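Please look over the sequence and the model below before reading on. This report describes selected parts of the fold in words, for use beside the structure itself.

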Amino acid sequence: MLIIKLFYFYPGKICLFLQKNYSVNYLSVENVAKSFGELKLFSNISFGINEGQKVGFVAKNGTGKTTLLHILAGTEAPDDGRVVYRKDITSAFLAQEPDLDPKLTVEETIFAGDNETLKVIARYEKALENPDDAEAYQRAFEEMDMLQAWDFETQYKQILFKLKLEELDKLVGELSGGQKKRLALANMLLHKPDFIIMDEPTNHLDLDMIEWLEEYFRKENFTIFMVTHDRYFLERVCNEIVELEDGQLYTYKGNYSYYLDKKDARIELDQTNTDKAKQLFKKELDWMRRQPKARTTKSKSRIDDFHEIKDRASKRRNDHQVQLEINMERLGSKIVELHKISKSYEDKQLLDGFEYNFQKGERIGIIGKNGTGKSTFLNILTGKIKPDSGKVIIGDTIKFGYYTQGGIQAKPGQKVIDVIKEFGEYIPLAKGRQISAGQLLERFLFDRKKQYDFVEKLSGGERKRLYLCTVLIQNPNFLILDEPTNDLDIVTLNVLENFLLDFPGCLVVVSHDRYFMDKIVDHLFVFKGNTEVQDFPGNYSDYREYEASQTAEANASQKAEVPVEKTKKSTNDSNGLTYNEQKEFGKLEKEILNLEKRKEKLQQKFLENLSGKQIDEASLELQKVMDEIETKTERWFELGAKVQ
């Protein structure tokens, strides 16, 4: 069939291409608009989603990401426009706060939904009760086969186990907010809808769960439209990124890395066009001043053009890059010392004789499964709770800044600027300069108008951003952040990362955001449970590589236990590799290097003026190259782990 594809190269210009495409259209969004009072979130939003697309939706907090998801899910109506679904598809919506029946148990919730597999199982059980109806039995048997319903019980128990929901008879009303979100996620996955909409699916998941979910989405044939701040999740799951910026939609046919490259190219092109428009504007302005009052038809046309040029020339772009030279209170020789710290709750011991002395400028990330003691450790560190035994010694000059998961509690009728001024008027900078509370808010994307909004009008992400500002305005020299990335948009995350990269004090971060951790920290405390805490020198990706190498070594040692007479090895196996593996190892290095060069050339190709067909072909080729790089890199690490 013929479909119209939209490619947005720069604001105000939409290029249309008619192209033959055999993908089935699942959803069409046509000129959708939404406002709340005077606040206009978006207008004339149009796009389509086809079968097999996994789309990440990117936009700043407060621009209506969650509202758009609710409009797509049908739980909220647009002011204008419409959302059209294909009639024969099933869809599901994973909201940030799912609506579940508190009176049902975890297992009953799974069976209470409108699940096609459960209907098939019910028809099969009914057919068994009526053995004389051979036709009904055969039809039910074939349906069970088609939906693979025979092992449904195994499937739902496996998924619940992966999401740490082992207490099947526990009431939903007794679950935490995070457990309810995970139960809603499990229910959605088991329904296996054709099209799923997700709002921050990785919130309340630990790192193991997130990586399991990534792999699940890569294997299963879902069509997805989601909002998430987890950039590695966008990188590994999505094959398309849609960005809403200044009321304009931009579509990028690739994963998160591809989006970043193309966005940079678009911004550069925007700047070039703006510079040209400014030059033309000066020229036309001079012409306008010289013209007599009487205008010809030709000159009136030129006047109209002049006003269009003026609009383009006056365009401004603010990238919100934060660069602060903070003049915080000096750290003394003694920072924080932990001596033989132990802590337990009832029969569960979290810490046992833990010791550590913090040094100047340390940047420590804390990872581990839920319930292993991460938040308890932070509360002991800051004196909010006392250890059962051991001692915490804090240096005289230490000033903690503690961002917790609890968030901010503003007074009714309080304005944004008033909230932050309760904690401080300014941050001192180097060379006697300072940054005021209002200026800090601006750097964290609260413009002057927004600063005088009431706090109750802010979105969830904006409240988290304001809370961050209240912690930072106090000018701490030891900063502790407990899950700071939850509910923050990607633009704000970049701002926060830039701030933290310039932060000269000590930093401790608990986060499930692997991209954030890789960028910010240089070593880890890995909470493994049963009081074990590993001090690992490196970031999260380093740790995962280390774990993979440990697994490879364990597998290699198991193979080494095979009797020598049954193993035939090359005489050249001095470094743990056979002769053929040594050749393969060297060859892989060259192949990966060549593929990286090929990837770079393909990415550059997108800067050219391509047709719709050429863009699709180049996108497919780029994805193929990236998959090949990933496969060969995994094999390279596998062989590298054997090298002694």
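Predicted model: local features only at pLDDT ≥ 70, side-chain atom pairs only at ≥ 80, totals over all residues.

## The six-stranded sheet

Six strands make up an open sheet with mixed pairing, and their order across the sheet is S16-S19-S20-S14-S21-S22. The edge positions are held by strand S16 (400–403) and strand S22 (532–536); each of these has a single partner strand, so one side of each is left without a neighbour in the sheet. From one strand to the next, the twist averages 15 degrees.

Within this sheet, strand S19 (residues 478–482) and strand S20 (residues 506–510) run parallel and are joined by five bridges.

A second open sheet consists of three strands in the order S13-S12-S15, and here the pairing is antiparallel. Strand S13 (348–357) and strand S15 (389–394) are the edge strands, and because each has a single partner strand, one side of each is left without a neighbour in the sheet. With direction ignored, neighbouring strands of this sheet are turned against each other by 20 degrees on average.

The pairing of strand S12 (residues 336–345) with S13 is antiparallel and extends over six bridges, and Glu337 is found opposite Asn357 in S13. Helix H11 (residues 374–381) lies across S12, S13 and S15, and the direction of this helix is at about 130 degrees to S12.

## Helix H6 and its contact with H5

Two packed helices are described by the angle between their axes and the distance between the axes. For helix H5 (residues 152–162) and H6, the axes come within 10 Å and cross at roughly 150 degrees. Angles over 145 degrees count as roughly antiparallel, and H5 and H6 are therefore roughly antiparallel to each other. Their crossing is right-handed.

On the H5 side, the contact is made by Phe152, Gln155, Tyr156, Ile159 and Leu160, while H6 contributes Leu183, Ala186, Leu189 and Leu190. Sorted by class, the residues in the contact of H5 with H6 are eight nonpolar and one polar, with no charged residues.

## Helix H6 and its contact with H7

Helix H6 (residues 177–191) also meets helix H7 (residues 207–219), with axes that come within 13 Å and cross at roughly 15 degrees. Angles under 35 degrees count as roughly parallel, which makes H6 roughly parallel to H7. H6 passes H7 in a left-handed crossing.

Arg182, Leu185 and Leu189 of H6 make this contact together with Met209, Trp212, Leu213, Tyr216 and Phe217 of H7. Seven of the residues in the contact of H6 with H7 are nonpolar and one is charged, with no polar residues. Leu189 of H6 is named in the contact with H7 and is also listed in the contact with H5.

## A buried asparagine in a loop

Asn486 is located in the loop between S19 and helix H15 (490–502). Is this asparagine, Asn486, buried or exposed? The cut-off for buried is under 20% relative accessible area, and Asn486, at 14% relative accessibility, therefore counts as buried.

When residues up to four places away in sequence are not counted, Asn486 touches Asn203, His229 and Lys464.

Terms used:
Residues numbered from 1 in each chain as written. Heavy atoms only, no water. Pairing = 2+ DSSP bridges. Helix = DSSP H or I, 4+ residues; strand = E, 2+ residues; numbered from the N terminus. Axes fitted to C-alpha atoms, helices over the stretch in contact; angles between N-to-C directions. Contact = heavy atoms within 4.5 Å. Parallel < 35°, antiparallel > 145°, perpendicular 65-115°, else oblique. Left-handed = near helix turned anticlockwise from the far one by under 90°. Nonpolar A, V, L, I, M, F, W, Y, C, P; charged D, E, K, R; others polar. Buried < 20%, exposed > 50% of the residue type's maximum accessible area, 1.4 Å probe, protein only.
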